[in-house]
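Below are some notes to read alongside the model, in numbered points.

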Amino acid sequence: MGSGCACRLVCKSSDSRAMNFRTHNCAALRTEDIGKSATLSGWVSSRRDHGGVIFIDLRDREGLTQVVFRPEEYPAVAETAHLLRDEDVILVTGKVAKRLEGTENSKLATGAVEVVAEEMTVLNKADVLPFPLDEKIANEDLRLVHRYLDLRRPTMAANLRLRHRVIKTVRDVLDGEGFWEIETPILSKSTPEGARDFLVPSRLNPGTFYALPQAPQQYKQLLMAAGGEKYFQIARCFRDEDLRADRQPEFTQADIEMSFMTAEDIFALIEKMFVAVFCEAWGVEITTPFCRMTYREAMDRFGSDKPDTRYAQEIVDVGDVFAASEFKVFRGALDGGGVVRALNAKGLAKITTGQIEELTEMAKQFGAKGLAFIKCENGEWKSPIVKFFSEVEKAALQERLQIEEGDLILFGADKREVVCEVLGRVRLRVVEMLGIQHDPRRLDFLWVVDFPLLAWREEEQKWNAVHHPFTRPKAEDIALLEGEKFGEVRAEAYDIVLNGVEIGGGSVRIHEANLQAKMFSVLGVDEAKQAVMFGHLLKAFRFGTPPHGGIALGLDRLVMLLAHAESIRDVIAFPKNNRGVELMTASPSVVDFKQLRELYIASTKKS
RNA sequence: GGAGUCUUAGCUCAAUUGGUUAGAGCGCCGCCCUGUCACGGCGGAGGUUGCGGGUUCGAGCCCCGUAGACUCCGCCA
């Protein structure tokens with residue numbers, strides 16, 4: 001932009017009243033401003049009316065300033081100040097004064113000074129609020145209905161500011177690395193794989209529908225085909241599935257794709273980005289490179305593909321200990337090709353019978369037949385199964401699991417996948433029961449790599465993509481794919497995990513038409529369907545699409561962790577509740593028959 | 001679709017084994033109060049205990065149903 005650009009000609013203000021709302025914000029004034037005149041605008045955060053002198057905490061987005069009304073100096077203003085109530089919006093002009101000796105408030109940044117009100121205008125009165133803004137409130141419904149009030153609370157405002165700073169940092173880092181921010185369509189095409197789509201009927205094309213994007217996946221790959229080389233987008237994504245504390249039907253991803261890359265390029269880029277983000281958000285310097293672990297190792301050691309490595313408890317294989325055991329349950333599992341593994345819940349021997357039952361129920365829910373355990377209390381092993389163990393087995397267990405007084409040992413004996421899953425879930429619950437408190441600033445970053453490409457889906461009796469259908473198989477495993485050993489093929493896919501929360505995932509993609517077609521056919525998408533659903537992509541791959549890949553970061557979850565928020569809803573301005581309802585505007589809502597008719601839509605709902 | 005927890009004043013919560021008129025703090029309203037910052041003092045208003053049914057001499061409490069919220073599983077990157 002040149003120095004003589006036209007924007008200088010635009011008037012500074014169209015306000016004909018020539019009123020100045022502010023000279024300072026409510027966090028700005030300091031002792032060096034004493035004696036100056038100041039004008040502040042904001043909300044009445046609290047009032048302390050002594051009958052004579054009146055104090056008001058005036059709040060704006062930035063902070064608090066105490067305003068004092070003195071009847072002996074400005075009687076008319078003080079008179080009207082008696083009528084002020086919480087959350088009235090006012091404009092105050094007065095002199096910045098040093099607070100009286102001994103009345104400074106060290107809790108406020110502006111606590112050494114106050115503004116002595118000379119003039120005051122009530123810009124808007126407020127009714128009595130439906131809930132207090134100055135304390136933690138449990139009723140989330142009420143907060144969501146009056147979200148504009150909820151967001152006035154300093155913690156919520158801080159969350160919004162943090163979110164802004166994080167997104168700004170992400171943009172700056174990517175811009176610095178030569179990425180272009182490119183928008184992709186919100187009205188896009190429904191595809192068979194993945195989550196349920198939100199649909200939008202097309203008025204101009206009766207009987208047809210757009211889908212809101214689950215992610216800009218195909219568009220970003222086509223941008224690589226288009227020679228974009230380095231793309232990103234702060235992208236809204238939509239998935240019509242059931243919600244959770246960390247899941248909304250619409251959410252935001254930092255969506256990234258680049259050409260001529262390897263996974264290492266993505267790791268380096270994201271690590272650089274997180275260094276900048278954590279510096280901005282917390283002012284800390286995080287250590288890179290992050291740890292890496294294969295999916296297989298994560299499942300074996302932690303029973304999870306997003307292991308929380310802050311906790312020392314790990315799953316230990318004890319199959320060799322019981323190779324010739326008398327205990328039929330363990331022997332049966334081993335003889336059937338399964339495994340026997342154990343988890344030492346250090347210090348949890350004090351567990352109640354009810355809690356043991358809870359763990360057992362949980363184990364059953366995830367496919368185990370039961371949950372064997374040993375409590376080490378008062379120098380003996382209390383357990384329904386220990387009588388089946390030989391002395392050699394006991395000694396080996398003691399050694400392998402480092403068993404000490406007060407420990408609780410939990411066993412899984414079944415197929416490997418079941419044992420991993422069960423002990424992984426049990427591990428997280430056990431950690432909760434132990435009530436381990438860790439440093440809230442602890443950051444365990446982890447790349448989980450070498451995910452399986454495909455997973456057998458029992459309900460549909462078919463193979464599904466673990467990541468998505470465009471993920472590249474590892475070069476050394478392509479023979480396995482050709483040999484139809486689908487369960488053994490590993491993918492060039494990676495997740496980034498922070499403190500047991502998956503905050504992003506990506507992959508190197510397929511860029512060859514024949515390999516992509518092969519992948520579709522394994523997933524049960526026949527050639528005719530491929531042409532209709534993915535013809536554009538397959539065609540693009542025939543016109544010189546470069547090798548490419550990328551990643552998507554879940555921004556809401558990341559900001560949630562940075563804000564130490566308990567729910568993703570606390571870092572989204574206008575979130576939806578458990579049932580996808582936005583309570584403030586009460587959406588979704590019914591629409592006129594006329595609107596439906598224009599869209600050629602009829603509801604089948606029985607009322 | 002399934003499981004669990006919860007629902008009492010505007011807000012946060014209490015109410016012994018099923019027992020008299022359902023309480024407290026904050027907020028609100030009124031009066032008083034000239035240095036507070038969770039200001040203080042005095043007084044006051046405010047309840048269909050989510051809703052419907054049942055058991056009982058008697059239900060906020062027990063039982064059945066139902067609605068809503070939240071958490072989790074399934075589902076979902």
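1. A word on the basis. This is a predicted model, in which local features need pLDDT of at least 70 and side-chain atom pairs count only at pLDDT 80 or more, while totals for chains, interfaces and linings use all residues. Residues are numbered from 1 along each chain as its sequence is written, chains are lettered from A and ligands numbered from 1 in the order in which they are written, and side-chain values use heavy atoms, with hydrogens and water left out. Helices (H or I, at least four residues) and strands (E, at least two) are DSSP runs, numbered from the N terminus.

2. Three bridges hold β12 and β13 (residues 339-345) in an antiparallel pair, and Ile 315 has Leu 343 of β13 as its bridge partner.

3. The eight-stranded sheet. This open sheet has mixed pairing and runs in the order β6-β9-β10-β22-β21-β20-β17-β11. Because β6 (180-181) and β11 (291-294) stand at the edges with a single partner strand each, one side of each is left without a neighbour in the sheet. The partner of β11 is worth a look: β11 and β17 (residues 445-449) run parallel and are joined by four bridges. Thr 294 has Val 449 in β17 as its bridge partner.

4. Helix α5 (residues 217-225) lies across β9 (230-238), β10 (250-259) and β22 (548-554), and runs at about 20° to β10. Axes here are lines fitted to C-alpha atoms, for helices over the stretch in contact, and angles run from 0 to 180 degrees between N-to-C directions.

5. The α4 and α6 pair. Helix α4 (residues 154-176) packs with helix α6 (residues 263-282) at an angle of about 145°, and their axes are 9 Å apart. The crossing is right-handed, that is, the near helix is turned clockwise from the far one by less than a right angle. Contact (heavy atoms within 4.5 Å) involves residues of α4 including Leu 162, Val 166 and Val 173, and residues of α6 including Leu 269, Met 273 and Val 277. The contact residues divide into 10 nonpolar, one polar and two charged. In this count Ala, Val, Leu, Ile, Met, Phe, Trp, Tyr, Cys and Pro are nonpolar, Asp, Glu, Lys and Arg are charged, and the others, Gly among them, are polar.

6. The RNA surface. How many residues surround RNA strand B? There are 52, and the closest are Arg 70, Thr 103, Pro 130, Arg 239 and Asn 578; a residue is near the strand if one of its heavy atoms lies within 4 Å of it. This surface divides into 13 nonpolar, 15 polar and 24 charged residues. Of the RNA atoms within 4 Å of the protein, 55% belong to sugar or phosphate and the rest to bases.

7. A polar side-chain atom of Arg 239 is 2.8 Å from a sugar or linking oxygen of RNA strand B. Base nitrogens are approached too, at 3.3 Å from a polar backbone atom of Gly 51 and at 3.4 Å from a backbone N or O atom of Val 466.

8. Backbone points to check by eye. Most residues other than glycine have a negative phi, and most peptide bonds are trans. The bond joining Thr 288 and Pro 289 is cis, with omega about -5°, and Pro 289 lies in the loop between α6 and β11. Ser 587 to Pro 588 is also a cis peptide bond, with omega near 0°. Glu 87 has a positive phi, near 75°, and is found in the loop between α1 (75-81) and β4 (89-98).

Terms used:
A polar contact is a pair of N or O atoms within 3.5 Å; within protein, one must be able to donate a hydrogen and the other to accept it, and residues adjacent in sequence count only if both atoms are side-chain atoms. Two strands pair if DSSP finds at least two bridges between them.
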